[in-house]
Amino acid sequence: MIDEQRLVACFLELVRIDSPSRHEQAIGDRLAQMLRALGARVERDAIGNVFGQLDGQGEALLLNAHMDTVVPGEGVQPVREGGLIRSDGRTVLGGDDKSGVAIVLEVVRAAQAQGIALPPLDIVFSVQEEVGLAGAKAVDMTRLRARQGIGLDAGGPVGTAVVSAPSHDRLEADIHGVAAHAGGEPEKGVSAIEVAADAICHMPLGRIDEETTANIGIISGGQATNIVCDRVELSGEARSHSAAKLATQVQAMVAALEQAAARRGVSVDVGVSHEYTAYSLRPDDPLLGLLAAGAAEVGIEPAFGPTGGGSDANVFNAAGIRVTNISTGMDRVHTTSEQIAVADMVRAAEWLLACLRLRAQGRA
Ligand SMILES: [Zn+2]
């Protein structure tokens, strides 16, 4: 049903088109062209998302994958070795998420070539997923007919579907100390480094509980050993599957910073930004029924589980469109040893095609 050669050829073409986040014009042009060739009505929005609509039978479904890649991702030279495709080791492969894009295109091509009915499809190939989900956040959700969707932006064994993801807040702190000559009159200074250390020691960090994590990931400050440091910047984050726990955690981090600054009579500016919102699909959600039925058709063992990361699916779910991400087989993503097994990509495509066929037939 799935044409492995056509799928691989499409994937290899896509990974050779440079598309680091915010530089997706060329790949977006190509994807729009490919979707038009499949008969889709295609639009580009201001940020660069490519949106294709196809008519079909039954209830509409959203299909989503992102076209941007992380660095180092320019000049990708894919290497095919046996059943694996990897980069040449200088760059990522870009299987995250061009494997998802290629699978969506192949499934529509395969269905059209074989006269398999599909449901009405809203296809969103997004930009800037890797930089704060900016592309998905810019999607005009009123354009979408679908109230449910499948994202192709997960790893793990084929059959993996992500049914819950955390909320994520970002925290930026700017600690203002007082500079002084460290040898001459250190008592006139207040070290922002000491304030930062005090604050971090009083912060709950790491794994807070099974739903919640927190981290200070960047710290910078100081100019010379003979100056009492007057400024330190900290960047951190907290994530939780529970909105209430996330709020409590972020408050604890902010309080640790404010109290440490107060103990030394200096100030701290703290900014908190909400990156994305948690979602969780109920076990009896019809979307999971569709994925299970499709998996059974093609002999795949479905595995529904949580993720600790965010994706475009968080944005669609927050907008009321229930979306779960399924594995494309992508492996070791965000590293230069990224790879994907051709057989996994084919299996994932077979799974998706089975789901779409069942949906068009009104059987799931
Ligand atoms: Zn991705």
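Tutor: Histidine 334 is exposed in this predicted model, because 12 other C-beta atoms lie within 10 Å of its own, and a residue counts as exposed with 12 or fewer. Its place is in the loop between strand 16 (322-330) and strand 17 (339-341). The backbone there deserves attention: histidine 334 has a positive phi of about 65° although it is not a glycine. Most residues other than glycine have a negative phi, and most peptide bonds are trans.

The bond from valine 71 to proline 72 is cis, with omega near -10°, and proline 72 sits in the loop between strand 3 (61-66) and strand 4 (79-81). The bond from aspartate 96 to aspartate 97 is likewise cis, with omega near 15°; aspartate 97 belongs to helix 3 (residues 95-114).

Five bridges join strand 6 to strand 2, and the two run antiparallel. Within this pairing, valine 50 stands opposite phenylalanine 125 of strand 6. Strand 2 (residues 50-54) is mostly covered, with four of its five residues buried. Strand 2 also pairs with strand 1 (residues 41-44), through four bridges and again in an antiparallel sense; here valine 42 stands opposite glycine 52 of strand 2. Strand 1 and strand 2 form a hairpin with five residues between them, and glycine 48 in the turn has a positive phi of about 120°.

The protein chain has nine helices and 17 strands, and 47% of its 364 residues count as buried. It is divided into domain 1 (4-165 + 278-360) and domain 2 (167-276). The C-alpha centres of domain 1 and domain 2 lie 38 Å apart. Ten residues of domain 1 are in contact with eight residues of domain 2. On the side of domain 1 that touches domain 2, the residues divide into four nonpolar, six polar and no charged.

Helix 6 (residues 243-263) supplies a final element to examine. At 1.5 Å a residue, its 21 residues should span 30 Å, and its end C-alpha atoms are 30 Å apart, which agrees. Leu246, Gln249, Val250, Met253, Leu257, Ala260 and Ala261 are buried in helix 6. They cover an arc of only 110° around the axis, and therefore lie on the same side of helix 6. On the other side, Ala244, Gln251 and Ala262 are exposed. The buried residues of helix 6 pack against several elements, including helix 5 (192-201), strand 9 (167-176) and strand 13 (267-276). Just after helix 6, glycine 265 takes a positive phi of about 70°.

Definitions and conventions: Residues numbered from 1 in each chain as written. Predicted model: local features only at pLDDT ≥ 70, side-chain atom pairs only at ≥ 80, totals over all residues. Expected span 1.5 Å × (residues − 1). Buried ≥ 20, exposed ≤ 12 C-beta atoms within 10 Å, placed from the backbone. Arc of directions from axis to C-beta. Contact = placed C-beta atoms within 7 Å. Domains from an automatic or database assignment. Nonpolar A, V, L, I, M, F, W, Y, C, P; charged D, E, K, R; others polar. Pairing = 2+ DSSP bridges.
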